[in-house]
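Biologist: Please put the model on screen. I would like to go through it piece by piece.

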Amino acid sequence: PDASITAHVGVGPREDGGGFGLEVALDVNLPGVDKAVAKDIADKAHVVCPYSHATKGNIKVTTNIV
């Protein structure tokens, strides 16, 4: 029940130099779960997430286990 994910959304220059794009940093907090296990869970969730599918290749996403 104490698990949480905080999304930090920013705007920055695109790597191709063609203007600006979105970038997202996800802070994943899974209290009591080993960090390696939490990272595995987050990575698997990213694969099946409908938002991840919709934005794949368009938004840089970084996942941080906190």
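Predicted model: local features only at pLDDT ≥ 70, side-chain atom pairs only at ≥ 80, totals over all residues.

Biologist: How many bridges join E1 to E2, and do the strands run parallel or antiparallel?

Modeller: E1 covers 4-13 and E2 covers 20-29. The two form a hairpin with 6 residues between them. Pro13 stands opposite Phe20 in E2. The count is 10 bridges, and the direction is antiparallel.

Biologist: Which residue in the turn of that hairpin has a positive phi?

Modeller: The turn sits between E1 and E2. The phi in question is about 75°. The residue is Gly17.

Biologist: E2 also pairs with E3; do they run parallel or antiparallel?

Modeller: E3 spans residues 60-65. It is joined to E2 by 6 bridges. Val28 stands opposite Ile65 in E3. The direction is parallel.

Biologist: Now the surface. Which residues form the nonpolar patch?

Modeller: Strands E1 and E2 are the elements that give two or more residues to the patch. Together the patch residues have about 450 Å² of accessible area. They are Val9, Val11, Phe20 and Leu22.

Biologist: On to charges. How many salt bridges does the structure hold?

Modeller: One of them links Asp16 with Arg14. Another links Lys39 with Asp43. Lys44 and Asp40 also form one. The structure holds 3.

Biologist: How far apart are the closest N and O atoms of Asp16 and Arg14?

Modeller: Asp16 counts as exposed at 57% relative accessibility. Arg14 is partly exposed, at 38%. The closest N and O atoms are 2.8 Å apart.

Biologist: Where do Lys39 and Asp43 lie?

Modeller: Their closest N and O atoms are 3.0 Å apart. Lys39 is partly exposed at 35% relative accessibility, and Asp43 is partly exposed with a relative accessible area of 35%. The two are 4 residues apart, about one turn of the helix. Both lie in helix H1, residues 35-48.

Biologist: Last topic, the largest pocket. How much space lies in it?

Modeller: The pocket is lined by 21 residues. Ile5, Leu26, His46, Cys49 and Ser52 lie nearest its centre. The space is about 410 Å³.

Biologist: Which element gives the largest share of that lining?

Modeller: E1, E2, H1, E3 and helix H2 (50-55) each supply at least two residues. The largest share is 5 residues. The element is H1.

Definitions and conventions. Residues numbered from 1 in each chain as written. Heavy atoms only, no water. Patch = residues over 30% accessible without salt bridge, like charges linked within 9 Å, V, L, I, M, F, W, Y side chains within 5 Å. Areas by Shrake-Rupley, 256 points an atom, 1.4 Å probe, with all protein chains shown as cover. Salt bridge = Lys/Arg side-chain N within 4 Å of Asp/Glu carboxyl O. Buried < 20%, exposed > 50% of the residue type's maximum accessible area, 1.4 Å probe, protein only. Pairing = 2+ DSSP bridges. 1 Å grid on protein atoms, 1.4 Å probe; cavity = no way out; pocket = protein on both sides within 12 Å on 5 of 7 lines; lining within 4 Å. Points joined across faces, edges and corners; volume = space filled by probe spheres on them.
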